[in-house]
Amino acid sequence: MNLGTRKLLDRSFTALGVGSIVIMGMMLLVVLMPILSNGITANVFRGTIEHRKLLYNEFRRGDHAELQRQIAESDAARRKAYAMMAAFEAEMKLMSEEKHAGYQEKYDQVKSAMKALLGPVPGEELPELTRFKYGQTRWSKAEERLHELLYEKQWDYSNPDVEAKEYDVSRAASFQGTSLVKLFPYVESNIDRMLLPEWTVYWGFITDSSIDSHMFGGIWPEIQGTIFLAVGAMLFAFPLGVIAAVYFTEYAREGFFNSLLRSANSTLAGVPSIVFGLFGLAFFINTLKVSESKSVLAGSLTLAIMILPTIIRSAEEAILSVPKTYREASLSLGSSKWNTIVTVILPAALPGILTGGVISLGRAAGETAPIIFTAAVSVGSAIGLADVFSSPTPALSWNIYNLASEHEAASEIRHVQYGMVLALVTIVLMLNLSAIILRARISKKLKG
Amino acid sequence: MKKQWGRALSVIALVVIVANGRAEAKNGIVLDGSTTVGPIAKSFAAFFMNKYHVPVTVSESGSGNGAKSLINKSCDIASMSRSMKPQELAAAKTKGVNPVSSVVALDGLAIVVHPSNPVKTLTIAQVADIYKGRVTNWRQVGGPNFPIVVIQRESNSGTQESFKDLVVGKETPVVGSAETQASNGAVKSRVSLTRGAIGFLGLGFADASVKKVAVNGIYPTPLTVKNGSYPLSRPLFFVTDGQPSGFVKQFVELPKSADGKKIIKELGFVNKY
């Protein structure tokens, strides 16, 4: 090959490499940016007066005097709207029966739209569920509710052969000629004064418990549950994995039995996680009865079995990569085999072992399938360390799924779901980062 | 110096985590089962934790799983959207479990379609034909010329069983092309995004994103479910092992209390008591 072609090939290979790295970086950006930008809306958003009321009533947070002042201000604006509604109710009573019945249904819609926007109408019985006790706590949601108050969504079914199209009908038009017609422009132009939106940073999203099944409040029980499960899995899997790796590399004789064990280990690493989940249910809960019901313990054990093969493999690799000369030097100085392993080989292999361990920790934190049947519940309070043996816990991965599919008001609380995703991704990223830092520090120490 | 800081921090973190859970170290109540009963169970749980400070955990894994958990004694209350099956009762007997059901609420099984669908009413026979695969186009039931996307629930679901009992017939299989979704919420979002889709939901889940269809001319509302004129309604149950006692009893009897009734009503379900 002449020099020219070689140079050309070399350059094109470099270009290919750089290109693929750029594409990978862009993919990462495409994946991470929406997670970040959506997730942050759980913490930072335009909160209304309703949000501040909620914070004060449920968590006793916020400046009481200032809150009272704001409530008085917003109530002043709201009072006029409620007065208009009361006036219309009185007007309806004077109407003929037919007319009354015709307006009643439409008025009920208006009233429930007002309740959704501003919370319960004063003077009426307070609802039991927290989600109906407050109006919209977030300005973006309030704007959607305002639109629903002003316009009725209808579908044009006039042509039965084609799919209907939706269109908006102004609610004001259907109340033409009555006193209620003034309500709509009034609410539209005074909505700011009624809800007093301001930019809010709600860190409580991370440290609070959820209120009324995730409608309000934070995700602390989920974060704590995820940490418990992952750390618990590590407590079981890490020592066991390292011991197994030492056995494989130092004690086991090469032979049929040993290679069988190795291939069994590799097979386990490839088993889908849902299989481990069902196994955990059948073995730890139904057979061994480690706990009465789902529990953190059972979930941790299941996750431990799942990550064990990975830990064994990475620890094995790390131990094998310790130079032979270390071992020989130690043995030649009269050290025993066990002493050599503990004082020379394991410390030298530690960076590799730890990296494998922390990456497995990240995997344990993110897995959903193993904990569905063994540990995770959709609602529960944050549990104490003493309860891990008997109590199940909410966990980020499972609750993200639950909010995405099963929650009855899933579309109302997307921001909670995004916030959970961000929290989970951050936890896993931080774990992986700490693995890198730990590794760097230990290998530096070993060299120096 | 640095090491000490690290140690101090981890000790603080541990203390915080332990202290957090201290207040609620009593024996809790564990619920497992139906996704349809889920909203009621979760709201009751929140109410109960607030009032009695007893931890309550709720899993929504389907009525079938609820029954299994109860039989394996791994939950205190199974929430179910159907009654126990003979096989389950037999399995419970061999394990020494004595299932006692109490009605939580009544629920209508709403037949839902995409809001753009002009079809307003279907008869039970028409719905059955759609699910048996005899009717495949909306035109055949008075709608636009558009293929029907049939959505059903998984076999573990009590809603699916009730639907089959009430509409299709217990032994008749649902058409093979039917798509299976694993929860009420999933059916709702699938139907709300798919023109031509038809599905069934607990009435409490059917919001404005989907269109409820009248069945045999009766529109599903709490009123028509309660007075029995809506043909597709069913009771929802809390099932316990033996007569409940203590906090479990109080929990199971919440639907009879004024607060419980209010919660059920606000969630869009129908009070039995």
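Predicted model: local features only at pLDDT ≥ 70, side-chain atom pairs only at ≥ 80, totals over all residues.
User: How many aromatic pairs does the structure hold over all chains?

Analyst: Two rings pair if their centres lie within 6.5 Å. The structure holds 21 such pairs over all chains.

User: How do I read the geometry of A:F88 and A:Y103?

Analyst: Look at the angle between the planes. Over 60 degrees counts as edge-to-face. A:F88 and A:Y103 have 90° between their planes, so they are edge-to-face. Their centres are 5.9 Å apart.

User: Which parts of the chain does that pair link?

Analyst: Distant parts. A:F88 is in helix α3 (residues 64-94) of chain A. A:Y103 is in helix α4 (residues 97-118) of chain A.

User: Are A:F88 and A:Y103 buried or exposed?

Analyst: Both A:F88 and A:Y103 are buried.

User: How exposed are B:Y52 and B:F247?

Analyst: B:Y52 is partly exposed, at 26% relative accessible area. B:F247 is also partly exposed, at 32%.

User: Which residues do ring pairs link into a cluster?

Analyst: B:F44, B:F48, B:Y52, B:F238, B:F247 and B:F251.

User: Where does the charged end of A:R138 sit?

Analyst: Over the ring of A:F45, 4.2 Å from its centre. A:K337 lies over the face of A:Y251, at 4.6 Å from the ring centre.

Conventions: Residues numbered from 1 in each chain as written. Chains lettered and ligands numbered in written order. Heavy atoms only, no water. Phe/Tyr/Trp six-rings, centres within 6.5 Å; stacked < 30°, edge-to-face > 60°. Helix = DSSP H or I, 4+ residues; strand = E, 2+ residues; numbered from the N terminus. Buried < 20%, exposed > 50% of the residue type's maximum accessible area, 1.4 Å probe, protein only. Lys NZ or Arg CZ within 6 Å of the ring centre and 35° of its normal.
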